Amino acid sequence: MHKIAALLPLLGWFYFSIVGLALGSAFFKKKYSFFVKMLWIPFICISCVGIVQINYFEILNLPKILPTLKDASTSKIDHYVGSYRTQYLQDFFSVIQQRNIHYVSLLDVDSRELHYARMYLYPAIVNSIPSQEKLPKEHKFVIVGLEKSEWIVAGRLLKVSQGKALLEMEGE
Amino acid sequence: MMIPFIQEMGFSFPFLLFVYLIVGLSTHALFIQHSKMSLWEHLLSSLFLGTAVVTLSQFLFSLLGFKMAPALLRIFLLGLLFFWTNRKKIFLLWRPYQTSGFQLLIWVVLGIQLLLLGVKAVSAPTYTWDSIAFWTPKMIAIWRDGYVNIEGLKNFNHPEYPLYVPLLGATQFLLQGWPNDVAAKALFFVIASVGVCIFAAWSMRHFPPLKAAFWITLLGSAFILRDHLAGEYAGTADIFVGLFAMVGALRILEGNWKLGIVHFLFLAWIKSEGLVFAASLASLSFLFMPSLRRFLIGAGALILAPWNIFIRTQHVDTSQYFKFGEIYARPWLQYAIYAIHAFREEFRQLNKWNLLFWWTGAAVFTHLRKCFRVVEVRVLLFSVLTQLIMYIVIFTVTPEEQASFIAAAVSRLSLHLAPAMLAVATWLFSKNMQEGSYEIKIKAS
């Protein structure tokens, strides 16, 4: 008995009402069909409340969204992506394309920046390395923050963009 | 004043939609068995199907060594040629759109809603994690390479995922000349909205206006669907799995089996998870519809085989959820029960789904006998059930931490099922259902 009682909170009104309606439609087909039909009404009402509610939320959101219509795509992308589009897609990619660079290492970046760098610098293969680690043999090119002065001094500066530098390092 | 976003896209956007439409019209003419669709519904349906046919053709042309631009041009010309040679059949399918004042009001309200959501969709680029980890990078990779270079795609997560979404985005980038993911998102929004409009047109054809309005807004009020249509998840493939399954279900329910099956087969071209859905529907159709067996083999070979053979010959890691070697011993029964409860809990999340799953459950359990008797409903419900069981199995055997995996995936996996389930539910409540299925009518006649 207690197992059946445990079903009550587990299934709740959501599933029990389906069972009730199914039994109602099966057993009271003709004589009480009007009453069975009445059982549907609360659920139509709940659905309609949900419909109104969700549209209300969308309308509340409008003042935030409508002004974006005036913006160009680039400013929308920059708003979400930050400086990555300018840095990687415009500035660093042009150098990578000119010099036909295949591998680029990013020093000490979070995974979000790594994903954007991979996307924007394609077809170059981009990997992230922790700050202490040495570059792999084939990875002569590295992008570092300008504050990493020891790297800037050690490498040849190819391009600087918004606080980051693309460097060519000495091979092993 | 011209909106800057529309100005940027120029003619690329309408041209691309026109290509999808022409190819879609030709494909419709090829597979449609009978039609009561209005011209408007026919155009929407063709555009929707055209996106899948064009992207799959782009992939096939890429295998033949064609770059994207010449491939798109050839596909367009072939589509035009086919359209012209079948113009009589296509025009015969078109019926004038007869609408009542109330139906017109529904369209206006739906139009305003979609317009608001459209503004939301183009207010931001693609930004959900899956988008920046692999969907958008794949679009950029294909656009830069000019063809499907699988070695390049291996640089990103899930190289085994099919290329429907990446090719849509890459084609938009190609026509616009730079990787504008806001424009790609606009394209995804238009295609997904077309899917919703097909449901609207179909409902208005089969139900009295008030009932139709109820079903349409019930679909539109599923918060998770709007999130994928215009919000955070816009730019991923899950909504297309749900909508293609729904349109496939609508076509099967009204007796257009071939067209419905084609929609279902394309699920495997949209996302890997769609393969089981497509395969289960195809197998059940093979079992219950003997007259379609030859068609099933042909369409399956054409739609399912290319990508699946390609990734296996290119040694792409296809074990996205688990590797058999990584499965570790665990209390299997408890894991399976936990996965079942995850879906039980998900289905009653009113803030995400409204009462969409409730209406489906109520429709099925109050029409249980008809569900087994009518072949269309039987095949669709068993396919949905197979897909659901597959997700429960995946949640049970995954090597990832089960609770986190379920929390991250259960809503979007439910989205694959929900629209098709709603389609079946509406049918069960309709008069057509009481009259019996098309198959029964055909046999009786």
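Mentor: The count comes to 49 aromatic pairs over all chains. Rings of Phe, Tyr and Trp (its six-membered ring) pair if their centres lie within 6.5 Å; planes under 30 degrees apart count as stacked, over 60 as edge-to-face and the rest as tilted. Trp40(A) and Phe429(B) form an edge-to-face pair, 5.3 Å centre to centre with 90° between the planes. That pair crosses between chains: Trp40(A) sits in helix α2 (residues 33-65) of chain A, and Phe429(B) in the loop between α24 (402-428) and α25 (431-435) of chain B. Helices here are DSSP runs (H or I, at least four residues), numbered from the N terminus. Both Trp40(A) and Phe429(B) are buried, meaning under 20% relative accessible area (1.4 Å probe, protein chains only).

This is a predicted model: local features need pLDDT of at least 70, side-chain atom pairs count only at pLDDT 80 or more, and totals for chains, interfaces and linings use all residues. Residues are numbered from 1 along each chain as its sequence is written, chains are lettered from A and ligands numbered from 1 in the order in which they are written, and side-chain values use heavy atoms, leaving out hydrogens and water.

Trp40(A) and Phe429(B) also belong to a cluster linked by ring pairs, with Trp13(A) and Trp215(B) among its other members.

Now a charge over a ring: NZ of Lys or CZ of Arg within 6 Å of the ring centre and within 35 degrees of the ring normal. Arg87(B) lies over the face of Trp84(B), 4.1 Å from the ring centre. The charged end of Lys258(B) sits over the ring of Phe295(B), 5.5 Å from its centre.

Definitions and conventions. Helices (H or I, at least four residues) and strands (E, at least two) are DSSP runs, numbered from the N terminus. Buried means under 20% relative accessible area, exposed over 50%, partly exposed in between (1.4 Å probe, protein chains only).
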